[in-house]
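Please look through the model below before reading on. The notes take up charged side-chain pairs and then the sheet.

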Amino acid sequence: LDSDLGFISELNDLPGVERELQAISSVWGAERSKIFLNENFTKKSLKILGALRPRILALSTHSIPSEGHADLNSLALLLYPESLDQPNSIFLTPEDIFDLNLRADYVVLSACETYDRKPLTSNSSNSLLTSFLLNSSKEILVSLWPIEDLATSYFMTEIVKALASDKINSMVEAHQQAIASMIRNGYDNPLQWASFIIVGSQ
């Protein structure tokens, strides 16, 4: 992977991420959830999650398109580098999903444009979506276009709140419930939630 990480300084801050993850933790219960934020959001931490096989995996970060990064074969997610000697550990790639055994029943990719429009194939390196599905995840929430930080924070919290309910049996149902809650609470512009779609086996 390319070692020029100067592009990071051009990325916007995501103040809603900590709020989002804390809200999700409060819904799911502190004893049943793990949060890895900022310098703790590394491949090493994700390997811990892979061993735990969580029911819900929420990744809130920036997406990094392969364009402009010669050695990225597909969309990646931005992590915190594990050390200055490993600058390329900053990318979570499709191959990493298998290397870290990263899977969950429901995966939430809370980042801009995480649906990279590549066809789903049996090639695990084709996309993040393909890797998660081949690694036994059931449903994945992705976005089609750039998303607003604060509205996304609220939406993701509502998604997880719905999935935590015994009455919800799929992310499709959780998605519908989250949209209804958004509209009731003043997020009535479809651009604030229509970006999110579900890819999966159900």
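The numbered points below go through the salt bridges and then the strands.

1. Keep in mind that this is a predicted model. Side chains of opposite charge can pair when their charged atoms come close. In this structure, 3 salt bridges are found.

2. Take K43 and D96 to begin with: their side chains form a salt bridge, with N and O 3.0 Å apart. The pair ties together distant parts of the chain, since K43 belongs to helix α2 (residues 43–52) and D96 to helix α3 (residues 94–99), 53 residues apart. Both K43 and D96 are buried.

3. A salt bridge also joins the side chains of D105 and R53, at 3.4 Å from N to O. Here too distant parts of the chain are linked: D105 lies in the loop between α3 and β5 (106–110), R53 lies in the loop between α2 and β1 (56–60), and they are 52 residues apart. D105 has a relative accessible area of 18%, so it counts as buried, the cut-off being under 20%. R53 has 35%, which lies between 20% and 50%, and is therefore partly exposed.

4. What separates K161 and E158 along helix α5? The two residues are 3 apart in helix α5 (residues 149–163), which means about one helical turn lies between them.

5. Strands of a sheet pair through backbone hydrogen bonds, either parallel or antiparallel. This model has an open sheet of 4 strands, in the order β1-β5-β6-β7, and its pairing is mixed. At the edges are β1 and β7 (196–200), each of which pairs on one side only. From one strand to the next, the twist averages 15 degrees.

6. How do β1 and β5 run, parallel or antiparallel? They run parallel, and 5 bridges join them. Across this pairing, S60 stands opposite S110 in β5. Helix α5 packs on the sheet and touches β1, β5, β6 (139–143) and β7. The direction of α5 makes about 175 degrees with that of β5.

Notes: Residues are numbered from 1 along each chain as its sequence is written. This is a predicted model: local features need pLDDT of at least 70, side-chain atom pairs count only at pLDDT 80 or more; totals for chains, interfaces and linings use all residues. Side-chain values use heavy atoms; hydrogens and water are left out. A salt bridge is a side-chain nitrogen of Lys or Arg within 4 Å of a carboxyl oxygen of Asp or Glu. Buried means under 20% relative accessible area, exposed over 50%, partly exposed in between (1.4 Å probe, protein chains only). Two strands pair if DSSP finds at least two bridges between them. Axes are lines fitted to C-alpha atoms, for helices over the stretch in contact, and angles run from 0 to 180 degrees between N-to-C directions. Contact means heavy atoms within 4.5 Å.
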